[in-house]
Amino acid sequence: MNSSITSIVTRIHTPVSALHAHTESLKAQSMSDLLSDDAGSTSGIRRANSLAFTFGNLHIDLSKQRLTTNTMALLKEWAESCGLANKRQALFAGKKVNTTEKRAALHMAARWPETETPPVGMEEAVACCQQQRERMAEMVNRVHAGKWYGATGQWVTDIVHIGVGGSDLGPRLVSEALADRPSSEKVAVHYVSTMDGSQLLPLMERLNPATTLLVLASKSFTTADTQLNVKTALAWLSHALEVDKATVCRHQLIGVSTKPDKMTAFGIPESHQLVFKEWIGGRFSLWSPIGISVAMQLGFDAFEELLAGAHAMDKHFLEAPIEENLPTLMALVGAWNCQFLNISSHAVLPYDGRLKSLPAYLQQLEMESNGKSVGLDGRSVTHTTCPILWGDVGPNAQHAFYQLLHQGKHTVSADLVAVAGRHVSTSENVDRSLKAQEQLTLANCLAQSQLLALGDDAIPIALRGHMAQGYRGNQPNSVLLFKSLDPAAMGTLLALYEHKVFVQSVLWNLNPFDQPGVELGKCLATSLYQTLAGEPLAQQNVEDCGTNQLLNKVMEWRNKPQHKGCSL
Ligand code: F6P
């Protein structure tokens with residue numbers, strides 16, 4: 001066969017071109033067509049059952065995605081053509097899958113149980129993580145025993161966890177999600193991440209300085225946000241306790257980082273340092289000592305339940321065949337939506353206020369991992385990659401942006417995450433009312449998922465002609481339903497998404513473990529900070545008139561000399 005015909009045949013028969021061709025066949029089918037049983041057929045029921053999956057206390061419904069069993073078959077071929085099995089094996093074997101930083105990505109090692117033989121290549125990492133966990137447990141148990149004393153001899157009652165990005169979002173999310181879990185521990189945990197001091201100020205006003213323990217969580221130990229938050233917090237404690245900063249550091253500061261030398265230079269005693277390794281990425285570091293504040297809040301046993309839930313998902317991801325592999329299915333559906341259905345907006349809609357930080361957590365996990373346009377081969381990719389993730393607590397969002405989702409011009413995919421049972425033991429009347437609220441929340445989640453999918457076809461027959469139409473429908477969405485929200489469920493949920501992100505990076509030929517795109521912004525901010533502070537410039541930024549006129553407005557309001565540079 002000559003080369004031109006070969007290239008045509010090759011072009012037509014790649015899994016990607018087959019998937020593009022397949023989108024044409026779906027255009028005529030609405031979600032209603034796919035989800036209903038017309039004329040006695042059981043196609044709708046078969047579909048719903050074939051696209052529903054249960055893993056422990058987690059049930060995932062993919063039936064309201066715009067795809068068919070043929071689509072799933074083509075997606076599976078695509079995953080196999082990308083060498084997913086080998087890439088997954090390399091990940092778990094500690095290969096340098098983070099190609100630009102020449103590192104492994106072994107966050108799974110941080111939750112691999114001592115009682116289970118790790119995959120070949122992960123052994124050393126697992127042993128290292130176990131040692132870290134032992135040090136974490138010692139510190140947690142000392143605080144819980146009331147034996148961690150502050151600079152003035154009072155024992156610790158409050159933890160202020162200071163970190164940002166992966167050093168904040170995972171621990172914060174889990175702490176919030178499990179805040180109502182009955183705990184015998186009497187330690188309150190507070191999270192501070194925002195560089196502007198707005199989260200620190202109210203804490204400095206209401207916490208007792210003598211019984212507050214700071215956690216400085218920073219993988220690099222160089223992030224300015226965190227460094228300045230800790231500097232302010234230390235100044236507060238030093239002033240309030242009338243001791244010097246070094247004394248505060250010795251008694252009321254735990255450091256969590258990959259940089260022990262920097263922690264020591266900062267004044268953190270080695271005994272108050274928790275060190276983890278570079279092969280745990282920031283957004284994958286909840287399972288490492290970065291998660292210590294979760295253990296402080298919930299107890300170390302609960303933290304280990306969290307790890308166990310994530311480990312269960314690791315094993316599932318490693319062992320389940322593609323057609324039942326939940327992270328892989330979620331990844332394929334997501335890639336189908338954004339790369340083949342051209343849906344670039346994805347909403348994360350938790351139907352449980354305890355998961356209010358899930359959108360923010362997934363924004364970093366997904367967009368900092370796959371928000372890229374250069375492939376592993378160093379060349380620009382020609383296909384789309386990660387969609388724009390956003391979202392809010394679903395019940396509140398129904399009073400905010402659902403109008404756009406239902407009658408706007410944008411196609412939006414969505415993950416709705418709900419909890420079927422919230423066991424709260426209170427007085428009978430309160431409990432009855434809470435149960436009603438639980439029912440209302442669940443009902444709204446299911447209703448909105450149906451309406452997003454069916455649009456006008458969801459209008460009850462009796463109301464047709466009496467209710468305004470214009471519900472667009474065909475908004476693809478998945479429902480993730482938990483039987484209850486406990487540490488293991490949280491571990492399973494977050495590991496599910498971690499592996500989903502990894503699979504998508506394989507599909508898109510990306511390195512999900514670096515974040516080169518966040519460096520320049522920090523560099524430019526350093527110079528602008530020095531300009532605003534009247535300090536000498538380490539390096540001269542590129543001058544633009546827009547930025548300069550803003551700088552000069554600030555200088556004017558501060559009665560400072562105008563900044564030189566572009567004319568106003
Ligand atoms: O946003 C860039 C980033 O490096 C994230 O990847 C990371 O989670 C965050 O900053 C905080 O970094 P560190 O833990 O080193 O302070």
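Two strands count as paired if DSSP finds at least two bridges between them. Strands (E, at least two residues) and helices (H or I, at least four) are DSSP runs, numbered from the N terminus. The model is predicted: local features need pLDDT of at least 70, side-chain atom pairs count only at pLDDT 80 or more, and totals for chains, interfaces and linings use all residues. Residues are numbered from 1 along each chain as its sequence is written, and side-chain values use heavy atoms, with hydrogens and water left out.

**View 1. Strands β5 and β6 in the parallel sheet.** Strand β5 (residues 212–217) runs parallel to strand β6 (residues 253–257), and four bridges join them. A217 has V256 of β6 opposite. Both strands belong to an open sheet of five, ordered β4-β3-β5-β6-β7, in which the pairing is parallel. At its edges are β4 (188–192) and β7 (273–275), each of which pairs on one side only. Neighbouring strands of this sheet are turned by 20° against each other on average, direction ignored; axes here are lines fitted to C-alpha atoms, for helices over the stretch in contact, and angles run from 0 to 180 degrees between N-to-C directions.

View 2. Helix α7 (residues 123–144) packs on the five-stranded sheet. The helix touches β5, β6 and β7, where contact means heavy atoms within 4.5 Å. The direction of α7 makes about 155° with that of β7.

**View 3. The mixed sheet.** Six strands form an open sheet in the order β1-β2-β11-β10-β8-β9, with mixed pairing. β1 (52–55) and β9 (388–391) are at the edges with a single partner strand each, so one side of each is left without a neighbour in the sheet. From one strand to the next, the twist averages 15°. Four bridges pair β1 with strand β2 (residues 58–61) in the antiparallel sense. F55 has L58 in β2 as its bridge partner.

View 4. Helix α15 lies across β1, β2, β10 and β11 (477–482), and runs at about 145° to β1. Helix α16 lies across β8 (345–351), β9 and β10, and its angle to β9 is about 175°.

**View 5. The cavity.** The structure holds one cavity of 30 Å³ or more. On a 1 Å grid over the protein atoms alone, a cavity is a set of points where a 1.4 Å probe fits but cannot get out; a pocket is an open set with protein on both sides within 12 Å along at least five of seven lines; lining residues have an atom within 4 Å of a point. The largest cavity has a volume of about 140 Å³, a volume being the space filled by probe spheres set on grid points, which are joined across faces, edges and corners. Of its 17 lining residues, M330, G334, N337, H346 and K500 are the closest to its centre. α15 (326–340), β10 (413–419) and α20 (487–508) each supply at least two residues of this lining, and α15 gives the most, with five. The lining of the largest cavity has seven nonpolar, seven polar and three charged residues. Ala, Val, Leu, Ile, Met, Phe, Trp, Tyr, Cys and Pro count as nonpolar, Asp, Glu, Lys and Arg as charged, and the others, Gly among them, as polar.

**View 6. The largest pocket.** The volume of the largest pocket is about 800 Å³. It is lined by 34 residues, and S220, T223, E368, Q515 and K522 lie nearest its centre. Two or more lining residues come from each of α10 (224–241), α16 (358–370) and α21 (519–533).
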